[in-house]
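Subject: Handover of a structure

Hello,

Please find the structure below, with its sequence. My notes on what was found in it follow.

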Amino acid sequence: MQFGPLIKFYRIQQGLTQKELANGICSVPHLSKIESNSKEANEETMGLLLERLGVNLASITENEDQIKLLVAELNEKIDYYLNDEADDVMERLKEFEGIIPFSTNLHTYELAKYRYLIFKGKIFEASKQFELLNKQKNIFSQPQMALFSYLRAVWLLKKGNCKKADEILDAIGKASKIEISSGELLYHRALAKSSLEETGYAIYYGKLAMEEFMEDHNFKRILHVMILLGINYTHSKIYEEAQDCFKHLIRNAELLKETKLLPDIYHNMGYLQKKLNNYQDAILFFEKSKAMQTQINLHYLITSYSIGEINLELGNIDKAREAFEEVQEVSKKLDNRKYKILSNYYLMNLESPEKSLAYSESKVIPYLEESDGKSEELIGFYKMLSNHYQKIGRFDQAVKYIQKIN
């Protein structure tokens, strides 16, 4: 604990001048040097100053120990995804914010606070906290620097900057020390690889994370890893493993009443059934997912779009139109250009297939090529146009889209 600045903190808090505090104990210049940490006070002087301030030296030490314990507890609550309990610990820590800047736990606390803000999805506050920590990083210890880098990577993942996050996590993986659980680091490495569609690596790191979380009996994080593995098994066409993952997930999430996870689980089970051509099952799971979603957000938009696609595949034209009209409306509210363009295409296709073909070439494909790279949706449009041009004898155009697929 830095006692000089702490004495200044309590003096100002109590509205005392340096002269009033120093009277009969030491000179004002001597007190000024103590408060600025440019001169150490002897034990007797320090004791008298603290006594006048009504501060007990033993209580200061106890506070420092309490701060350290609370920071550790906060990290543990976040590790186990105990949302409300993490809030309670953070509130208790705020009671010590006045003295934390003078304690040896300052950077440990500020890093834990950054992690908490990311955990809670508080975008503005987390950005401000990052700026604060970034200015201080030159004096971090090696484990603190590794933790700061890890937290930055998690934040970048939440913002969609997966490539940079992956680079940071890869560098941390080679570091000797980091003050975070191995399961968390491995999970976010898997998440970064999954976002970059590197399914092999995502499955590899996901399995390693699963082992760590099982050893820690971290049941919520086990569910998170299983979702990630199920998605990547599906993309890798390892359908049997994916099916097992989602069946276990549905059973366990329903038992644990994990209502926040179930919409995501149902959606991904629906996507798997779609890949298996089990269209009736797919639409059932998509509908279950949508029914449980309470907010109009990107996840809701994607589920509604999936329902439209399946209904179109099944020939349920009215239901498909209804779904795509909703996608169009929601995409405007969310200002989501991708699904605005895709819903326009499908609604146009239901009215005039020829116009929709022209629209797919002029609007859909250029947008998807620019924003998504070689996504599954883009490949689908390439195939559709290739088949169309083959049917009408425009083989030069058909070959152009076949080459794009390859």
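Contact, as used in these notes, means heavy atoms within 4.5 Å. Please also keep in mind that this is a predicted model.

Overall shape

The chain has 22 helices and 0 strands. Its radius of gyration is 29 Å, whereas the globule rule gives 22 Å for 406 residues, so the chain is more spread out than a compact globule. The C-alpha trace spans about 100 × 40 × 40 Å along its principal axes. Of the 406 residues, 44% are buried. The chain exposes about 21,600 Å², and 49% of that comes from carbon and sulfur atoms. Among contacts with a separation of 6 or more, 54% are between residues 24 or more positions apart.

In soluble globular proteins, nonpolar side chains tend to be buried together. Here the largest nonpolar core has 57 residues, and Ile7, Leu74, Leu93, Tyr114 and Tyr150 have the most contacts inside it. Helix α9 (residues 142-159) supplies the largest share of this core, with 9 residues. A second, separate core has 30 residues, including Tyr205, Leu228, Leu229 and Ala242.

What does tyrosine 114 touch, not counting residues up to four places away in sequence? The list is Ala126, Gln129, Phe130, Leu133, Phe148, Leu151, Arg152 and Trp155.

Helix α3

Helix α3 covers residues 28-35, and Leu31, Ile34 and Glu35 are buried in it. Seen down the axis of α3, the buried residues fall within an arc of 95°, so they line one face of the helix. An α-helix has 3.6 residues a turn, so residues three or four places apart point the same way. The cover over the buried residues of α3 includes α1 (3-13), α2 (18-22) and α4 (43-53).

Helix α11

Serine 194 is in helix α11, which runs over residues 182-195. Its relative accessibility is 15%; buried means under 20%, so serine 194 counts as buried. Apart from neighbours within four places in sequence, serine 194 is in contact with Ala202, Leu228 and Asn232. One of these, Leu228, is also listed in the second core.

Alanine 192 is in helix α11 too. Alanine 192 is buried, and its relative accessible area is 0%. Not counting residues up to four places away in sequence, alanine 192 touches Leu157, Asp166 and Leu169. How far apart are the C-alpha atoms of alanine 192 and leucine 314? They are separated by 35 Å, and the two residues are 122 residues apart along the chain.

Glutamate 215 lies in helix α12. Glutamate 215 counts as exposed, at 60% relative accessibility. Between glutamate 215 and glycine 183 there are 9.6 Å in space, C-alpha to C-alpha, and the two are 32 residues apart in sequence.

Histidine 217 is in the loop between α12 (199-215) and α13 (219-235). Is histidine 217 buried or exposed? Histidine 217 is exposed, with a relative accessible area of 54%. Its phi is near 55°, a positive value in a residue other than glycine.

For comparison, most residues other than glycine have a negative phi. Aspartate 335 lies in the loop between α18 (317-334) and α19 (337-351). At 61% relative accessibility, aspartate 335 counts as exposed.

In the model, the chain over residues 263-296 is 79% helix and 0% strand. The end C-alpha atoms of this stretch are 13 Å apart.

Asparagine 268 is in helix α15 (residues 262-275). Is asparagine 268 buried or exposed? Asparagine 268 is buried, with a relative accessible area of 11%. Leaving aside neighbours within four places in sequence, asparagine 268 is in contact with Ile227, Ile231 and Phe246.

Regards

Technical notes
Residues numbered from 1 in each chain as written. Predicted model: local features only at pLDDT ≥ 70, side-chain atom pairs only at ≥ 80, totals over all residues. Heavy atoms only, no water. Helix = DSSP H or I, 4+ residues; strand = E, 2+ residues; numbered from the N terminus. Buried < 20%, exposed > 50% of the residue type's maximum accessible area, 1.4 Å probe, protein only. Core = buried A, V, L, I, M, F, W, Y, C linked by side-chain atoms within 4.5 Å. Rg over C-alpha atoms; globule rule 2.2 N^0.38 Å. Areas by Shrake-Rupley, 256 points an atom, 1.4 Å probe, with all protein chains shown as cover. Arc of directions from axis to C-beta.
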